[in-house]
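I opened this notebook to keep track of what I looked up in one structure, step by step. The entries follow the order in which I went through the elements.

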Amino acid sequence: MSNPSLLILAGDGIGPEVMTEVKKVIHWYGDKRDMAFDVSEDLVGGAAYDKHGTPLHDGTMAKAQEVDAVLLGAVGGPAYDNLDFSVKPERGLLRLRKEMDLFANLRPAQCFDALADFSSLKKDIVAGLDIMIVRELTSGVYFGEPRGIHLEDNMRVGINTQRYTEAEIERGARAAFELAMKRDKRLCSMEKANVMESGILWRDVVTEVHADYPEVELSHMYADNGAMQLVRAPKQFDVIYTDNLFGDILSDCAAMLTGSLGMLPSASLGFPMANGRPKAMYEPVHGSAPDITGQGKANPIACILSFAMALRYSFDQGAEADRLEAAVEKVLADGLRTADLIGEEGVAPISTTEMGDAIVAALDASL
Ligand code: IPM
Ligand code: MG
């Protein structure tokens, strides 16, 4: 059997820097665990725009459809802020999500013990936090029509449309219930059924799907209350299922509870391919961080943990994913910190490269 294939799209800003560290980890698995991957690389976002005049070349899109998993770094940067909307770096990312039909975006927010002090919330509120946000990723206001800016009576009007079919709500709900079954069997669905018809439909469909998962305790919450509860008492949640826009916002909020956006991975999953693996893309939740690009300050952990999610969800290597997560936990417990993880205490930060090397060394030590 041929090796599983990975397409690396490092993208812009700190994307290439953090991806360099992920590649060390990928090679480690080939060398030390006899798990070689066929890795290819291509451009996305501003980097693709610079070369091809588009944030995602058709050839890259075709490759992404063929590989077993895509690993993406980050897209965007100030150099591209004034580009036409249709060729902005973000459009490349959104095209990948849409055309690969990656409807279930898994965003875990886990607080590592060594970092509990680092959260902006009190330690006892976040210590041991382990929640999973499932964000619907291919529909809603991100893609709904009509959209655009046009003139009405000489007045500019900006329009976006929140649109969900029941099938779209249902498939994401099933993914969320399946995850809840493997965790603490609690699911909280968030929408704005008090003001949006799409929210009423959302609540109805999630309730219908619940019939197939009677063991899961289902609750519903308005998304604004959900934001408040995430900051007030985040440990009340196990799995949260929400739409594309609320999920974008709530997942940044949940991520920050854990101390740093530099720690949080994500998986975007679609339907199974012919080989049984889901269509999949893995990416850190953080962005391209242009303010620290090229300075060796970026934290590669979110991107490395995204590869751990690939091991778990694409390659059925849960034990190896555990090994990689434990290696990350070990370097943090040893006190190693990139600049984003340093608070008042004045520990000297290590560089992106040093963090990657330390994680590889911890992998070695795990054998
Ligand atoms: C995210 C990002 C993207 C989004 C941007 C870069 C288009 O914020 O993945 O959360 O809004 O979905
Ligand atoms: Mg976001």
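Entry 1: I began with helix α12, residues 352-365, which has 14 residues and reaches 20 Å from its first C-alpha to its last, close to the 20 Å expected at 1.5 Å a residue. I noted that the model I am reading is a predicted one. Next I asked myself which residues of α12 are buried. I found Thr 352, Met 355, Gly 356, Ala 358, Ile 359, Val 360, Ala 362 and Leu 363 on that list. An α-helix has 3.6 residues a turn, so residues three or four places apart point the same way. I then looked up the partners, and the buried residues of α12 pack against α1 (15-32), α10 (301-313) and α11 (318-333).

**Entry 2: the domains.** I wrote down that the chain is divided into domain 1, which covers 1-108 + 265-367, and domain 2, which covers 130-257. Taken over C-alpha atoms, the centres of domain 1 and domain 2 are separated by 25 Å. For the contact between them, I recorded 17 residues of domain 1 and 18 residues of domain 2.

**Entry 3: the cavities.** How many cavities of 30 Å³ or more are there? The count comes to two.

By class, the lining of the second largest cavity has seven nonpolar, one polar and one charged residues. I noted that β4 (104-110) and α9 (244-257) each supply at least two residues of this lining, and that domain 1 and domain 2 each give at least three residues to the lining of the second largest cavity.

Entry 4: I looked up Ala 104, which lies in strand β4. Is Ala 104 buried or exposed? Ala 104 counts as buried because its relative accessibility is 3%, and the cut-off for buried is under 20%. Not counting residues up to four places away in sequence, Ala 104 touches Arg 135, Ala 175, Ala 267, Ser 268 and Leu 269. I also turned to helix α4 (residues 89-99), where Pro 89, Gly 92, Leu 93, Leu 94, Leu 96 and Arg 97 are buried. Asp 101, which follows α4, has a positive phi, near 60°.

**Entry 5: around α7.** I returned to helix α7, where Arg 203 is found. Arg 203 is partly exposed, because its relative accessible area is 24%. Leaving aside neighbours within four places in sequence, I found Arg 203 in contact with Glu 191, Ala 193, His 220, Met 221 and Tyr 222. The C-alpha atoms of Arg 203 and Ile 169 are 34 residues apart along the chain and separated by 9.2 Å.

From there I went on to Glu 215, which lies in the loop between α7 and β9 (217-222). With a relative accessible area of 55%, Glu 215 is exposed. Leaving aside neighbours within four places in sequence, Glu 215 is in contact with Met 181 and Lys 185.

**Entry 6: backbone angles.** I looked up Lys 185 in turn, and found it in the loop between α6 (166-182) and β8 (186-191). Lys 185 is not a glycine, although its phi is positive, about 60°, and with a relative accessible area of 29% Lys 185 is partly exposed.

Asn 154 also has a positive phi, near 65°, in a residue other than glycine. Asn 154 is placed in the loop between β6 and β7 (155-159), and counts as exposed at 73% relative accessibility.

Methods:
Residues numbered from 1 in each chain as written. Chains lettered and ligands numbered in written order. Predicted model: local features only at pLDDT ≥ 70, side-chain atom pairs only at ≥ 80, totals over all residues. Heavy atoms only, no water. 1 Å grid on protein atoms, 1.4 Å probe; cavity = no way out; pocket = protein on both sides within 12 Å on 5 of 7 lines; lining within 4 Å. Points joined across faces, edges and corners; volume = space filled by probe spheres on them. Helix = DSSP H or I, 4+ residues; strand = E, 2+ residues; numbered from the N terminus. Nonpolar A, V, L, I, M, F, W, Y, C, P; charged D, E, K, R; others polar. Domains from an automatic or database assignment. Expected span 1.5 Å × (residues − 1). Buried < 20%, exposed > 50% of the residue type's maximum accessible area, 1.4 Å probe, protein only. Contact = heavy atoms within 4.5 Å.
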